[in-house]
Amino acid sequence: MTLTLFLAVLLGLIALGMPIAFALLLSAVALMFQLNFFDSQILAQNMLSGANSFTLMAVPLFMLAGEIMNAGGLSRRIVNMASTFVGHIPGGLGYVAIFASVLLAALSGSAVADAAALGTLLIPMLRDKGYSAEQASGLIAAGGIVAPIIPPSISFIIFGVATNVSITKLFFAGIAPGLLMGLTLVAVWTWVARRHGSLTPTPRESWPVRLRALRQAAWALMLPVIIIGGLRGGIFTPTEAAVVAAVYALAVSLFIYREITVRDLGRLFISAARTTAVVMFLVAAAMVSSYMITLADMPQDLINLLTPVLDQPKLLMFSLMVLLTLVGTVMDLTPTILILAPVLMPVITKAGIDPIYFGVMFVLVGCVGLLTPPVGTVLNVVCGVARINMETICRGVWRYVAAYTTLIVILVIFPELITVPARWLY
């Protein structure tokens, strides 16, 4: 009864257009009345404790780092370097977009930021080369969702805080599937490019030009090396890594590339603060719901419901991936993590599934949800950048959604593709 009430209130309010954070708060209040008690202090205390987290300090810092990198020229130099190396092959600009997506994913950790940066730079170039709006926008949108998988990932930070799972281990576990996503994009784009083989590729660049572009991008490329190396060597925590990323990006943008000045910092800080405020309010509201969900013993109800498949981990994973896919079509990634991850984690533990593996799969499926309407956050961002409608981008992105879905099925059947590299890297 409590599970039904919670879902009915939450989904009903979302369907009415209420912001998800407020829907979460009112769902928690509904559970309070169902359990015959109401205490406003519980709401305030849990909201405060939800946002008062040292680990969550990484979120605004990584967002700030992403804003600085896009404004400071780091993203543009990554794209330019990729263009000099692979731009000359047939469909080369598409491979540039994929290469740049993977590299930028190791810098920002935000799908929306990467999709906006790549869309602004590459969609006009792809259109000039003769690719249609749907082909160009579909590739950029599909490449953008690699960012929450390859570390540093803001989504992994939120998942780790919500479920008390090691964020550092999630970071390392995301490297292999992130690279597999890149290979998936390469496979699909190769098929697209062969259908348009008559298009003229960019002229091949000489090695001196390539080396110059590599030197220009070297400062940007050093950032993921510093972060991963620092985490692997135990030099700093994920939160401290966010500080390093923000300070490094600021120093490179101000003093080396010199594409921003001190006067620009206020604008960048405000932009990062606005995005952070949305995320942190969601986290605070979700903490209230999480408290009430635990109090109402809803995880046990879910375990009882899934008892027939608890002894079949792969079947359980398939079932949960289908559930998350459906949820992802109507809900953004962050609220999906905050609402469902704490509820599903006891089920995963009971079934004996590796929580790190589940965390990666959870975020991966949620990322694919960013490419599916009606919500499709990344789709909306790319539509705005490319000035096209939703129907056009959906025609371009469906093949990538199908390929990513195939990859998810493979990772469910062969979890070792995630767990073995994660253990080796960590």
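Predicted model: local features only at pLDDT ≥ 70, side-chain atom pairs only at ≥ 80, totals over all residues.

The space inside the second largest cavity comes to about 50 Å³, and a search of the whole structure finds three cavities of 30 Å³ or more. Sorted by class, the lining of the second largest cavity holds four nonpolar residues, four polar residues and one charged residue.

## The largest pocket

The largest pocket has a volume of about 750 Å³. It is lined by 33 residues, of which Met63, Val112, Thr275, Val279 and Asp332 are the closest to its centre.

Which element gives the most to the lining of the largest pocket? That element is H14, with seven residues. In terms of residue class, the lining of the largest pocket divides into 21 nonpolar, 10 polar and two charged residues.

## The second largest pocket

About 410 Å³ is the volume of the second largest pocket. Its lining consists of 20 residues, and those nearest its centre are Leu3, Leu7, Leu323, Val327 and Leu340. By class, this lining has 19 nonpolar residues, one polar residue and no charged residue.

At least two lining residues of the second largest pocket are supplied by each of helix H1 (2–15), helix H15 (298–305), helix H16 (313–328) and H17. The largest share, five residues, comes from H1.

Helix H3 spans residues 40–51, and its 12 residues reach 17 Å from the first C-alpha to the last, which is close to the 16 Å expected at 1.5 Å a residue. Within H3, the buried residues are Ile42, Leu43, Asn46 and Gly50. These lie on the same side of H3 because they cover an arc of only 100° around the axis. An α-helix has 3.6 residues a turn, so residues three or four places apart point the same way. On the face of H3 turned away from the buried side, the exposed residues are Gln45 and Leu48.

The cover over the buried residues of H3 includes helix H2 (20–34) and helix H14 (262–295). Asn46, which has its place in helix H3, can be followed in detail. Is Asn46 buried or exposed? With a relative accessible area of 12%, Asn46 counts as buried, because the cut-off for that state is under 20%. Apart from its neighbours within four places in sequence, Asn46 is in contact with Ala284, Met287, Val288 and Tyr291.

## Backbone features in the loops

Most residues other than glycine have a negative phi, and most peptide bonds are trans. Pro151 and Pro152 are joined by a cis peptide bond with an omega of about 5°, and Pro152 is found in the loop between helix H8 (133–144) and helix H9 (154–163).

The other two places concern phi. Asn164, a residue other than glycine, has a positive phi near 60°, and its position is in the loop between H9 and helix H10 (167–173). Arg387 likewise has a positive phi, about 60°, although it is not a glycine, and Arg387 lies in the loop between helix H19 (377–386) and helix H20 (390–413). What are the relative accessibilities of Asn164 and Arg387? Asn164 has a relative accessibility of 73% and counts as exposed, while Arg387, with a relative accessible area of 75%, is exposed as well.

Technical notes. Residues numbered from 1 in each chain as written. Heavy atoms only, no water. 1 Å grid on protein atoms, 1.4 Å probe; cavity = no way out; pocket = protein on both sides within 12 Å on 5 of 7 lines; lining within 4 Å. Points joined across faces, edges and corners; volume = space filled by probe spheres on them. Nonpolar A, V, L, I, M, F, W, Y, C, P; charged D, E, K, R; others polar. Helix = DSSP H or I, 4+ residues; strand = E, 2+ residues; numbered from the N terminus. Expected span 1.5 Å × (residues − 1). Buried < 20%, exposed > 50% of the residue type's maximum accessible area, 1.4 Å probe, protein only. Arc of directions from axis to C-beta. Contact = heavy atoms within 4.5 Å.
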